[in-house]
Amino acid sequence: MSIYKTGTDYLKKYNIQSPKTIFLNMPTEALTEEIIKRGEGAFVKGGALAFNTGKHTGRSAKDKYVVREPSSEKDVNWDSSAASEMSVSNFRSIKEKMVKFCDNRELFVQELYAGADETSRLKVRIISEYAWHSMFARNMFICETVLKKLANFKEDFTVLYLPNFKCDPKVDNTKSETAIMLNFAEKIVLIAGTEYAGEMKKSIFTVMNYYLPKKNVMSMHCSANIGKKNDTALFFGLSGTGKTTLSSDSERYLIGDDEHGWSDAGIFNIEGGCYAKVINLSQEMEPDIYKTTHSFGTILENVVFDESTRIVDLDSEAKTENTRSSYPLTQMPRTAKDNKGGHPKNIIFLTFDAFGVLPPVSKLDTNQAIYHFISGYTAKVAGTEKGVTEPTVTFSTCFGEPFMVWHPYEYARILMEKMKKHRAKAYLVNTGLCGGKNGKRFKISDTRAIINAILSGAVDKGGYTVDPIFGFGIPKSVPGVNKAVLDPKKGWKSREEYDKTLALLAKKFVENFTKYSDHPMASTVLKGAPKPDALSKPTTKAKTKPKAKAKPKAKVATKPKAKAKPKKGKK
């Protein structure tokens with residue numbers, strides 16, 4: 001009998017009455033044996049395990065639900081994409097069927113933590129039907145190093161993950177066979193109909209995004225690292241903008257690559273591992289992350305490999321462009337102690353500008369920083385997806401709208417307070433295109449030089465020019481970067497076309513922000529908004545100046561007549 005098997009009554013509190021076997025807190029080594037025995041995955045060269053996630057190779061955002069119940073109803077922003085509404089009765093009906101589905105099945109249970117800060121963490125119990133999902137949970141959350149402490153584990157939240165359970169849309173009132181359902185009153189997440197492991201990770205992140213603000217702790221979709229002088233930096237950004245890549249730095253210590261909290265004590269990682277996008281991963285440019293793809297304990301999702309040699313092909317999109325690597329932080333060579341850092345000195349918002357008009361780096365004042373935080377801009381370049389022939393704008397509020405439960409201004413309020421209190425500087429870094437929509441992507445060597453200049457303070461030493469439309473400061477010089485690269489206008493053949501495209505992008509920002517304008521904070525934050533018509537105003541003023549000058553001349557001509565009247569009076 002396995003030492004990891006526990007009594008079948010262990011899960012009766014969830015009304016799981018008769019599972020075949022329960023494997024409790026199996027370590028990675030034992031889970032690996034189960035994975036291979038069950039044929040769930042395959043070894044590739046170097047020792048990593050490769051898995052296919054079936055038809056779902058990414059998150060099913062439209063299939064995510066929040067149960068509308070009294071305890072959280074007033075807190076949840078029901079207009080958010082994170083919160084499609086589900087009724088209590090609907091949820092309980094599906095839950096009852098999922099619990100029954102567990103009968104006579106082998107289940108894997110992991111008891112873990114979300115949050116490195118012990119005062120803010122949640123105890124999470126993960127119940128899954130696949131061994132590899134149990135291993136993924138161990139990679140992504142924080143494991144207890146002293147097993148005896150788990151003897152009296154009392155969970156704050158539970159995840160029941162059953163990929164082989166399919167919802168019936170006609171009966172269950174779901175959009176498809178897949179559903180990710182959060183219930184804050186019952187403190188449970190149900191995941192059905194998808195093998196994509198990222199659903200588990202992001203569900204708990206959504207839960208943390210609900211609970212942390214209640215403690216005035218800022219929850220953030222960002223990566224973070226810390227320097228040798230204890231200077232912490234945050235990197236916000238959507239998928240593909242460089243969060244994971246840029247936070248992995250040979251001169252700094254990684255706190256985490258995706259999810260963090262900012263408490264009164266400083267920054268802490270919500271997770272215990274990384275979930276990196278590995279398509280076209282370069283050994284030369286990203287050696288630390290590349291190494292993890294050839295290491296025991298790593299989970300590779302939908303990565304193509306040769307069946308005979310077991311060599312992975314990180315450049316192949318045969319299964320999906322969203323290939324992923326899940327690995328524990330212990331695989332990284334330089335990590336922060338206890339997955340924590342001090343209060344950040346620099347906050348960097350990453351964007352991929354597919355229009356090629358934003359500079360590679362610009363400095364933001366506090367209002368501009370909060371405006372860009374609420375906007376959460378990036379863009380898809382033409383050709384990256386079927387049907388995308390022109391740059392496509394994406395706005396994801398707080399750089400993570402699908403996971404943000406409260407109204408964006410609640411997160412913005414906490415961020416603004418902490419930025420002001422700890423005097424954090426903010427920068428917008430464009431990792432996208434220069435020279436227009438058909439231009440080239442900024443070199444990663446230039447982007448890294450810019451990041452280094454921000455972190456060292458060198459970016460501020462050369463002075464700034466103010467962009468007339470966006471209002472942010474564009475540095476005149478950055479050590480190691482050609483000055484021509486810093487000015488986006490110089491990459492365009494037509495200055496007129498550049499101005500027109502920049503104004504067009506600014507208008508898209510303004511149009512998007514109209515849905516956030518009806519709030520007490522809006523009048524302050526809108527001071528950081530771009531002004532799409534700024535370049536046309538000087539021309540208008542120039543035309544009216546001759547008329548303005550003509551008026552004083554007319555007044556001078558009438559002065560003698562005005563003086564003549566008093567003289568007549570004296571006579």
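Met 220 stands opposite His 260 in strand E15. Met 220 belongs to the pairing of strand E12 (residues 218–226) with E15, which run antiparallel and are joined by four bridges. Two strands pair if DSSP finds at least two bridges between them. Helices (H or I, at least four residues) and strands (E, at least two) are DSSP runs, numbered from the N terminus. The model is a predicted one: local features need pLDDT of at least 70, side-chain atom pairs count only at pLDDT 80 or more, and totals for chains, interfaces and linings use all residues. Residues are numbered from 1 along each chain as its sequence is written, and side-chain values use heavy atoms, with hydrogens and water left out.

Stay with E15. This strand covers residues 259–263, and five of the five are buried, so E15 is largely enclosed by the rest of the structure. Buried means under 20% relative accessible area, exposed over 50%, and partly exposed in between (1.4 Å probe, protein chains only). In a regular strand the side chains alternate between the two faces of the sheet. Both faces of E15 are covered. Glu 259, Gly 261 and Ser 263 lie on one side, His 260 and Trp 262 on the other. E15 also pairs with strand E16 (residues 266–269), in the antiparallel sense and over four bridges. Trp 262 has Ile 267 as its bridge partner in E16. The two strands form a hairpin, with two residues between them.

Now move to an open sheet of nine strands. Its order is E1-E2-E7-E8-E9-E11-E10-E5-E6, and its pairing is mixed. Strand E1 (5–6) and strand E6 (84–86) stand at the edges, each with a single partner strand, so one side of each is left without a neighbour in the sheet. Helix H1 packs on this sheet, where it touches strand E2 (21–24) and strand E7 (106–114). The direction of H1 makes about 145 degrees with that of E7. Elsewhere in the sheet, strand E5 (residues 64–67) and strand E10 (residues 179–183) pair in the parallel sense over three bridges. There, Tyr 65 stands opposite Met 181 in E10.

Another open sheet has five strands. They follow the order E3-E4-E18-E21-E17, with mixed pairing. The edge strands are E3 (42–43) and E17 (273–277), and each pairs on one side only. H1 packs on this sheet too, touching E3 and strand E4 (49–51). Its direction makes about 50 degrees with that of E4. Within the sheet, strand E18 (residues 299–301) and strand E21 (residues 324–328) run antiparallel and are joined by three bridges. Ile 299 stands opposite Ser 326 in E21.

H1 has a helix partner as well. Two packed helices are described by the angle between their axes and the distance between the axes. The axes of H1 (residues 28–38) and helix H3 (residues 131–140) come within 9 Å and cross at roughly 155 degrees. Axes are lines fitted to C-alpha atoms, for helices over the stretch in contact, and angles run from 0 to 180 degrees between N-to-C directions. H1 and H3 are therefore roughly antiparallel to each other. Angles under 35 degrees count as roughly parallel, over 145 as roughly antiparallel, 65 to 115 as roughly perpendicular and the rest as oblique. The crossing is left-handed, meaning that the near helix is turned anticlockwise from the far one by less than a right angle; clockwise would be right-handed. H1 brings Thr 28, Leu 31, Thr 32, Glu 34 and Ile 35 to the contact (heavy atoms within 4.5 Å). H3 brings Ala 131, Trp 132, Ser 134, Met 135 and Arg 138. Nine of the 10 residues of H3 are buried, so H3 is largely enclosed by the rest of the structure. Among them are His 133, Phe 136 and Met 140.

Helix H8 (residues 366–375) and helix H9 (residues 408–422) pack at an angle of about 150 degrees, with their axes 10 Å apart. These helices are therefore roughly antiparallel to each other. H8 passes H9 in a right-handed crossing. Residues of H8 in the contact include Ile 370 and Phe 373, and those of H9 include Leu 415 and Met 419. Gln 368 is also found in H8. It is buried, with a relative accessible area of 7%. Leaving aside its neighbours within four places in sequence, Gln 368 is in contact with Lys 363, Phe 470, Gly 471, Phe 472 and Gly 528.
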